[in-house]
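These are my notes from looking through one structure. The entries follow the order in which I looked things up.

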Amino acid sequence: MSDNPDIRHEAIELLSNKVLKDIRFNLTTLIVDNCKIGDKGAGVLGATIYQSNCRLRHLDISNNNIRQTGAQLMSEGLSYNTSLVVLFMHWNPIGPEGGEYIAKSLADNKVLMVLDLSFCNIGHKKEYLPPSSLENASY
């Protein structure tokens with residue numbers, strides 16, 4: 001589904017309702033980079049990874065024009081996520097406030113191992129990171 005600007009958030013919502021939330025499917029990787037899903041699509045995916053039956057382990061939503069609102073909606077799902085270990089969100093203009101939402105969700109998240117927020121205009125504040133993350137932070 002990568003690099004398909006016709007996908008948009010409506011298709012993400014359909015995919016989420018029919019495949020990602022259905023326990024009969026075992027979809028563990030979803031790559032929808034450069035598909036123009038925007039804040040609404042990020043919100044749908046955030047709500048999906050919030051679900052306990054979601055089996056996604058790798059999600060790439062890079063370059064989708066996700067802004068602060070989308071980052072906030074995604075962070076709500078990340079706080080309760082129990083399956084996602086890799087999240088690529090690079091090249092989305094989430095800004096400093098969006099970065100703060102994502103950082104705060106990491107304090108509750110126990111499974112996410114890889115997070116790429118490069119080129120998201122979040123700045124370089126160390127206070128974004130939860131205290132346990134500062135031990136190995138490099139800048």
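Where is phenylalanine 119 found? I find phenylalanine 119 in the segment after β4. Helices (H or I, at least four residues) and strands (E, at least two) are taken as DSSP runs, numbered from the N terminus.

Basis of the entries. I am working on a predicted model, in which local features need pLDDT of at least 70 and side-chain atom pairs count only at pLDDT 80 or more, while totals for chains, interfaces and linings use all residues. Residues are numbered from 1 along each chain as its sequence is written, and side-chain values use heavy atoms, with hydrogens and water left out.

Phenylalanine 119, continued. I noted its phi near 60°, a positive value in a residue other than glycine. Phenylalanine 119 is exposed, at a relative accessible area of 55%. For burial I use under 20% relative accessible area as buried, over 50% as exposed and anything in between as partly exposed (1.4 Å probe, protein chains only).

Asparagine 63. I looked up another positive phi here: about 55°, although asparagine 63 is not a glycine. Asparagine 63 sits in the loop between β2 and α3 and is partly exposed, with a relative accessible area of 37%.

Aromatic pairs. Rings of Phe, Tyr and Trp (its six-membered ring) pair if their centres lie within 6.5 Å; planes under 30 degrees apart count as stacked, over 60 as edge-to-face and the rest as tilted. By this rule I count two aromatic pairs. Because tyrosine 50 lies in helix α2 and tyrosine 80 in helix α3, the pair ties together parts that are 30 residues apart in sequence. Tyrosine 50 is partly exposed at 42% relative accessible area, and tyrosine 80 is exposed at 52%. Tryptophan 91 and phenylalanine 119 form a stacked pair, with 4.4 Å centre to centre and 5° between the planes. This pair links distant parts of the chain, 28 residues apart, with tryptophan 91 in the loop between β3 and α4. I have tryptophan 91 as partly exposed, at 47% relative accessible area.

α2 has 13 residues and reaches 19 Å from its first C-alpha to its last, close to the 18 Å expected at 1.5 Å a residue. The expected span is 1.5 Å times one less than the number of residues. I listed the buried residues of α2, among them Gly38, Gly41, Ala42, Val44, Leu45 and Ile49. What do the buried residues of α2 pack against? They pack against α1 (8–20), β1 (29–31), β2 and α3. Contact here means heavy atoms within 4.5 Å. In α3 the buried residues are Gly70, Ala71, Met74, Ser75, Gly77, Leu78 and Ser79. Their cover includes α2 (38–50), β2 (58–60), β3 and α4 (95–106).

Serine 83. I find serine 83 in the loop between α3 (68–80) and β3 (86–88). Serine 83 is buried, at a relative accessible area of 10%. Its side chain reaches the backbone oxygen of leucine 56 at 2.8 Å. Not counting residues up to four places away in sequence, serine 83 touches Cys54, Arg55, Leu56, Arg57 and Val111.

Charged side chains. A salt bridge is a side-chain nitrogen of Lys or Arg within 4 Å of a carboxyl oxygen of Asp or Glu. How many salt bridges does a search of the whole structure find? The search finds one. Arginine 24 forms a salt bridge with aspartate 22, and the closest N and O atoms are 2.5 Å apart. Arginine 24 counts as exposed at 70% relative accessibility, whereas aspartate 22 counts as buried at 15%.

Aspartate 60. I looked up aspartate 60 in strand β2. Aspartate 60 is buried yet has no salt bridge, and the nearest side chain of opposite charge, arginine 57, is 16 Å away. For charge, Lys and Arg count as positive and Asp and Glu as negative; His and the chain ends are not counted. Leaving aside neighbours within four places in sequence, aspartate 60 is in contact with Leu30, Ile31, Val32, Asp33 and Phe88.

How values were computed: Polar contact = N/O pair within 3.5 Å; in protein donor to acceptor, adjacent residues only side chain to side chain.
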